[in-house]
Amino acid sequence: MPRRSKPNALTPPPPSSATPLLDTIDSPDDLKRLRRDQLPALAQELRGEIVQLAAPGGLHLASSLGATDLIVALHYVLNSPRDRILFDVGHQAYAHKLLTGRRSQMPTIKKEGGLSGFTKVSESPHDAITVGHASTSLANALGMATARDALGQDYHVAAVIGDGALTGGMALAALNTIGDTQRKMLIVLNDNEMSISENVGAMSKFMRTLQVQKWFQEGEGASKKALSAVSRPLSDFMSRAKSSTRHFFDPASVNPFAAMGVRYVGPVDGHNIAELVYLIGRLAELDGPTILHVVTRKGKGLTYAEEDPIKWHGPSRFDPATGQSLGGVALEAGAPVRQSWSAAFGEAVTELSRLDPRTYVITPAMREGSGLVGYSKAHPNRYLDVGIAEDVAVTAAAGMALQGLKPVVAIYSTFLQRAYDQVLHDVAIENLNVIFAIDRGGVVGADGATHNGVFDLSFMRSIPGVKIGLPRSALELRGMLKEAMRIGGPVAIRYPRGDTFQAPANTWPDLTWGTWERVQAGDGVVVLAGGKALEYAEAALHDLPEVGLVNARFVKPLDLDMLRDVATRARALVTVEDNSVVGGFGSAVLEQLSAWGLKTPVRVLGIPDAFQEHASVERVHARAGIDAQAIRTVLAELGVDVPLGV
C-alpha cells in the first residue's frame, strides 16, 4: 500500500461555519454517513472551498468545479481505497483530495513540500495513479482489472476520463483492448466539451451529436422513470437502458463504443448526484466494461468560470466574489514591455506566416498555452489542432513537409516526450523540414515532476540531424525561427516558462545557426550557458569581470571554433543548463573535448539525475544547483576570488 505523505508544516485554516457538512468529513467513510439528499449541499460546499483555495492563483479551477458532483457520487458509492478510482490527468481531482483526508493540507497544494496538483500514489492510498499527462487512465485501469482477476481479488476499478483525453491515441488503443479482454470496469466519460481549449476532432463531434438525437431525448425520459422506481430490480433497469440505446444501431447514429465491445450508457446529467449515485451503483456491478457518459459544465457553480472556462482553467490571483484579477504590476511609462515566451513565439510565428505562405502550425490541444490564439485567427487555414495526440502532431508535420509545406509543431517539452519515436522515425530519418517550437523547456515549478521539461535537450540531441537552439530573448527567438526556415531539416527551438522582453514587430535579426556569442571577456574560467541558464550566469558574474561568459545558444551543432578557442585558453570551463545533467549540453561539451583530446576541466551544472518535486522555479533551480549563487559557489571552488555576501 502506498505510504501517506507527511503532514505539511503550514498551519491549516480553522473549519468554516459555511461548510457544516464538509467539516464532518475526513474520509469517504464519513461521506457515506450522509443522507443522499445532503449530497448536493456537500458538493456546493466543496466548490466554495475549491474557489477559496484557487483565489491566490496557480491552481486548476474550472475543471475541478465541473467534476465535483461526479466525485461526490463516486466516493458515496465506491469504497476507496479498496476500490480503485482513477482520474485522467488528475487536475480535476481537488474534491477527491478534500474528501480523502487532505483538507487540512490543501492550502499547501502545488507549494514546496505540499500536496501535488495532481493525483499521486505516494501522497495518499486513495490516489490510484500518479498522473500529469492525459489519456493514461484507461490503460492503467486495464492493468489493474487484469491484476485483480489474475490474483483472484474482488474490487471495483473506475476510471474518470474527459473526452479531451479520448482524442489521445493511447486512450483509444486501450479502449480497443478493454473491449477485447472484457475485464469488469467502469469508465466514466466526463464530457464537458473541453480539455483546456475547446475539444477538437471526430470523437468530440460525435459527443455533441449524441445530445441532439431523438433517441437521446427518449433516453433522458427512460432514465428519469428509472430513478422514480429505484427499488425495482436491476433487470428492469437494464431493460430501460437497452430501450433507450437501441437507436445506436441505426445507420445514422453508429456507436463506436459498442463496435469496440464496450457497453455504453448515457449521456446523463453529470450534476444530478442522485442519478449518478443510482447509475454508478448498478453499472459497477455489471460484468465486462461499461462506459457511463456524463455531461458536465466546466466551471460549474461559478458564473464567470462557466462563461469562460478557458480563462478559468488555471487562473492567476483573483477576487473570488467578483472574478476580478488581482495580479500584475503597473508598468512605468516607457518601461520595456515583458510578455510570456509563449506570447513571443505566437507573435513571431504569426508574422512569419505572412512572410512565407508555406508555414503551417500544428499543436496538440495547446492553442492557449502555446500562444497561438492570435495565429489561429489570423491564419485559420494554416493551423491544425490534433487534440491530445502528440504523436499525430509530429507525424502529420512529416506528411506536410514531404509535400512542400514548412510545418511548425508548437508543443510543451514534457509532451514532446510522448512523440520521441515520431521525431526520430518520421521526421529525422529523411531530414524533413519540421520546426519544433518547444515551450516550457526546463523546470516549470508548481506542476512538478510530470511537467518539468528537463529531458528534451538530452533526447533531441540523441537524434541524428536534429539542430537545437536556445534563444536568450524574444528577439533571438525570431532570429532562430527565420534561420530555421532557411536551413531546413528538423530544427528544435527551446524556450522556458516565464517571460521575456517583447521584441519589435516585423524584426528578424540575422543569426547564423551554430554560432555562439561572447558576452563577457575572460580566459581564466569561462562559463558556457544558454537560454534560462544564461540569465543566472549573467547575475552570477555581474561583479566578476575576469570570468568569461559565452552565450552558448546552440546545443547542436556546438560552435566548434569558439569552443576550441575557450577550451585551449581557459584553465576550467563551467557549463550551466536547465536540463538533466545526463546527456545534455554539458555532456555535449565533454564529448567534443574528448574527441579533440583536450583535458580542460569541466564542471557540469544542471538538473540532477532525479525527478524534481514541485516548488517555485527559482527554488527548484536553487536545489538543483544552477542558480546564480550556485554558480558563484562553483567559481569559488575553482579559485575565482568571489566576494562574500554579494
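1. R102 touches H96, K97, L115, E123, S124, H126 and D127, residues up to four places away in sequence not being counted; contact here means heavy atoms within 4.5 Å. R102 lies in the loop between α4 (94-99) and α5 (137-150). Helices (H or I, at least four residues) and strands (E, at least two) are DSSP runs, numbered from the N terminus.

2. The model is a predicted one, in which local features need pLDDT of at least 70 and side-chain atom pairs count only at pLDDT 80 or more, while totals for chains, interfaces and linings use all residues. Residues are numbered from 1 along each chain as its sequence is written, and side-chain values use heavy atoms, with hydrogens and water left out.

3. Is R102 buried or exposed? R102 has a relative accessible area of 3% and is therefore buried (under 20% relative accessible area; exposed is over 50%, partly exposed in between; 1.4 Å probe, protein chains only). Its side chain makes a polar contact of 2.8 Å with that of D127 and one of 3.5 Å with that of H96. A polar contact is a pair of N or O atoms within 3.5 Å; within protein, one must be able to donate a hydrogen and the other to accept it, and residues adjacent in sequence count only if both atoms are side-chain atoms.

4. Strand β12 (residues 491-494) directs V491 and I493 one way and A492 and R494 the other, and all are buried. Strand β10 (residues 435-439) pairs with β12 in the parallel sense over 4 bridges, with A437 opposite I493. Two strands pair if DSSP finds at least two bridges between them. β11 (residues 467-469) also runs parallel to β12, joined by 3 bridges; here G469 has I493 as its bridge partner.

5. β11, helix α19 (residues 474-487) and β12 form a right-handed β-α-β unit: with the strands pointing away from the viewer, the path from the first strand over the helix to the second runs clockwise.

6. β14 pairs with β16 (residues 548-551) in the antiparallel sense over 3 bridges, and E517 has N551 as its bridge partner in β16.
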